[in-house]
Each structure stands twice: as C-alpha cells, then as structure tokens.
Amino acid sequence: MQTRQIPREVPDRAPYIKIEVSRGVHQMKAPSLHSMATLLGAASGLATVLAAIEGGVSDVRGAVDVLARGGPDLLSALGALIGMGWAHEVLDLETENAGNVLEYGAAVYEELHSAGYSLDDIAGLGLGLLAAVWDQTKISEETRNRAAFFQKTPEVTPH
C-alpha cells in the first residue's frame, strides 16, 4: 500500500460511497452490476454473503461467521471486490489486476492484511460495497409497471 502524494479527488455522488471501519473512513466506488456478475461467476461463495445480507446479516460480526465458513475463495472474492472498489483519497493499493479475479482478490486481501487491516475491517469494506451493489438492483414500482406492459398475458381458453 502506498500513500498518494496528491490526494485523489473522490466525487460526492453515486456510485461513490464512504464506509467507516476501525481504520477510518474509506472512499469506495460501488462496482457496476456487470463487474459483480463477473465476480460472482468466478466466486460462487460471494453469493453466500449476498444471501446473508438479504437474510438480515447486516453487522460485521455476523458476516465474519459467514466468511469463516466460506473459505479462501470467499476471502479472495472479498479482496477482489475491495480492489475493484478502492478509491481511497490518500492510499493506493499496489496490487495490479492481472486478469484472474480470484488471484487478484487473494493478492488484495494479503496486501490489506499486511497493511494491518483486520478481518473486521476487510469484512466491513466488503459488506459496505455489497450493500451498495444490492441497492443498485432495486427497481422502482413505476419501472416494473412499465416493463410489465411488454409482458404477454397468457390467453386462457374456456373449457
């Protein structure tokens, strides 16, 4: 991890978010749904965390239990998610994405660990990003109604 000589200017708008962990407030960029689909395809364990969020696990302590059961691939997926979303004002990750999402994630996880980030910190950053992505999937009632207009109503034939 390197300190930036000139702080990054992080916009105060979506998809940028601020996540607070014990190491302070971190500016992050919520990954797009396309990026998440790619990540989910590589790491099915991340779906476990998404299901946990949907099921009500919203605190870091509850998520740590889910993470512990998810194993190395899940930790690699969290590392990849954090790497994709990293937009810290004064810190840069040194890990470069070489193409394999799980290898990249493992390297990001190890970089964060070496920099003193605890599992609580890493889980907190990952959960914050997942919650932001989850919010992107919500479709308004008005949009659903407009989309329903294009659905065919099954024709019922009387007997």
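A residue is called buried when its relative accessible area is under 20%, exposed when that area is over 50%, and partly exposed in between (1.4 Å probe, protein chains only). Keep that handy as you click around.

Before you start: this is a predicted model, where local features need pLDDT of at least 70, side-chain atom pairs count only at pLDDT 80 or more, and totals for chains, interfaces and linings use all residues. Residues are numbered from 1 along each chain as its sequence is written, and side-chain values use heavy atoms, with hydrogens and water left out.

**Stop one: Thr95**

Select Thr95, in the loop between β4 (91–92) and α4 (101–114). Helices and strands here are DSSP runs (H or I, at least four residues, for helices; E, at least two, for strands), numbered from the N terminus. Is Thr95 buried or exposed? Thr95 counts as buried because its relative accessible area is 19%.

Now show what surrounds Thr95. Leaving aside neighbours within four places in sequence, Thr95 is in contact (heavy atoms within 4.5 Å) with Tyr104, Ala107, Val108 and Glu111. Zoom in on Glu111: its side chain and that of Thr95 make a polar contact at 2.5 Å. That term means a pair of N or O atoms within 3.5 Å; within protein, one must be able to donate a hydrogen and the other to accept it, and residues adjacent in sequence count only if both atoms are side-chain atoms.

**Stop two: the rings**

Rings of Phe, Tyr and Trp (its six-membered ring) pair if their centres lie within 6.5 Å; planes under 30 degrees apart are stacked, over 60 edge-to-face, and the rest tilted. The count by this rule is one aromatic pair. Select Trp86 and Tyr117: their ring centres are 6.4 Å apart and their planes at 70°, so the pair is edge-to-face. Trp86 is in the loop between α3 (60–85) and β4, and Tyr117 in the loop between α4 and α5 (119–136), 31 residues apart. Trp86 is buried at 11% relative accessible area, and Tyr117 is buried too, at 3%.

**Stop three: Glu20**

Finish at Glu20 in strand β2 (residues 16–21). Glu20 is exposed, because its relative accessible area is 66%. β2 pairs with β3 (residues 24–29) in the antiparallel sense over six bridges, where pairing takes at least two DSSP bridges. Look across from Glu20 and you'll find Val25 in β3.
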